[in-house]
Amino acid sequence: MAVSLLGYEVSDLCLGKPALRCLPVSATVADALAALKRSGDAYISVWSCDHTAKTTKSHVEDCRCIGKICMVDVVCFFCREDNLCSPSAALQSPVSLLLPKVLGVVRHLNPNSRFQEAIDLMLEGVQNIVIPIQSRTGPRKKLVTKPSFSWTLHNGVEFCWLTHEDVIRFLLNSIGVFSPLPSLTIESLDIIETENIPSVYYHEPASIALAAISQSLTNQISVAVLDQDNKLVGEISPFTLACHDETVAAAISTLSVGDLMAYIDCGGPPEDLIRLVKARLKERNLEAFLDLIEEELSHSSSSFSSSSSSDEEYGSGRRSGSGIYSTRMLRRSEAIVCYPWSSVVAVMIQALAHRVSYVWVIEEDWSLAGIVTFSGILKVFRQHLRTQAQD
């Protein structure tokens with residue numbers, strides 16, 4: 001029975017998960033940017049403690065993860081007019097300016113906490129659950145050591161975190177015990193969300209999409225791109241944006257939505273769009289950011305011609321063409337879609353296969369019907385577990 005899953009502890013989901021790379025809240029935007037590029041991780045955790053300061057001693061109890069940041073946070077920060085004018089000053093800003101204003105996105109749990117407690121926290125809005133890594137042999141040794149402002153140890157203790165994806169994957173591995181729930185359609189389960197979906201039109205200036213990009217990052221979804229008939233033609237995905245460096249802020253500030261989609265598509269931006277971005281930056285007297293782009297392009301070219309080695313957990317970010325730094329899988333701007341009559345298990349598999357936490361729902365003519373998120377899926381599985389526990 002599905003109720004047997006309630007006996008699992010959150011530590012059971014942590015097996016093999018890498019230790020969190022951490023930044024102190026006293027770090028700068030430049031420190032965060034360097035840590036993101038060096039690690040190739042989607043997110044870097046931000047902590048209240050600072051183990052880079054030799055004079056500072058803190059107990060494990062004093063070390064709390066207070067948030068997370070990704071490259072899209074940096075990009076949105078650079079899209080502000082004052083930061084486009086003076087990127088060097090923006091880099092020296094405190095990393096706390098990048099932290100989302102939404103409270104409670106990250107929470108701590110003890111490793112022996114019940115699995116159902118993790119689900120309940122996620123249904124309350126928690127996106128990442130921070131858990132101490134239990135090890136009988138002590139902290140794992142780093143195979144690559146490089147000077148860095150980030151660290152993984154907190155007085156000998158390492159932490160990992162659980163995401164919605166981890167929980168959905170765990171449920172999928174035991175999907176048989178939930179029968180007949182997995183075969184039900186997303187429409188019959190009433191998990192198609194239709195309100196407050198971030199969207200923009202293909203021919204609009206991409207700068208208009210900035211607020212929608214920030215909203216989609218907060219909600220762990222993407223921005224739907226529509227044509228004049230309100231049909232879905234693609235998306236602006238934070239996942240795709242995060243594979244680029246901070247200079248993509250210039251593309252958001254100068255291009256149309258359609259051109260931005262082409263700019264961030266896998267393989268790197270086309271040369272004609274790079275020239276267009278440079279020309280429009282020059283027209284707006286944003287020479288300082290233009291210099292930053294030239295510096296990044298030069299760095300990209302030199303990095304592409306050299307080779308570097310990395311291990312699975314501590315891999316270095318790798319550049320491969322203009323403005324792309326991530327070692328993670330690149331994804332095109334095509335939207336991942338399903339239909340109202342798709343089964344919930346099919347949607348789960350689809351989302352996990354593409355490493356996203358949502359799937360767009362369309363009608364046969366490609367008009368947008370809504371979106372299904374991991375949060376909505378977790379809600380129906382939690383209700384199923386609750387019902388079985390009461391029987």
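**Close-up views of a predicted model**

**View 1. Strands β2 and β3 pair side by side.** Strand β2 (residues 43-47) and β3 run antiparallel, joined by five bridges. Two strands count as paired if DSSP finds at least two bridges between them. Helices (H or I, at least four residues) and strands (E, at least two) are DSSP runs, numbered from the N terminus. Val46 has Gly67 in β3 as its bridge partner. This is a predicted model: local features need pLDDT of at least 70, side-chain atom pairs count only at pLDDT 80 or more, and totals for chains, interfaces and linings use all residues. Residues are numbered from 1 along each chain as its sequence is written, and side-chain values use heavy atoms, with hydrogens and water left out.

**View 2. Three strands make an open sheet.** The order is β1-β2-β3, with mixed pairing. β1 (22-24) and β3 (65-70) are the edge strands; each has a single partner strand, so one side of each lacks a neighbour in the sheet.

**View 3. Helix α1 lies across the sheet strands β1, β2 and β3.** α1 spans residues 29-39 and runs at about 140 degrees to β2. Axes are lines fitted to C-alpha atoms, for helices over the stretch in contact; angles run from 0 to 180 degrees between N-to-C directions.

**View 4. Helices α5 and α6 meet.** The axes of α5 (residues 115-123) and α6 (residues 164-173) come within 11 Å and cross at roughly 130 degrees. Phe115, Ile119 and Met122 of α5 contact His164, Val167, Phe170 and Leu171 of α6; contact means heavy atoms within 4.5 Å. By class, this contact has six nonpolar, one polar and no charged residues. Ala, Val, Leu, Ile, Met, Phe, Trp, Tyr, Cys and Pro count as nonpolar, Asp, Glu, Lys and Arg as charged, and the others, Gly among them, as polar.
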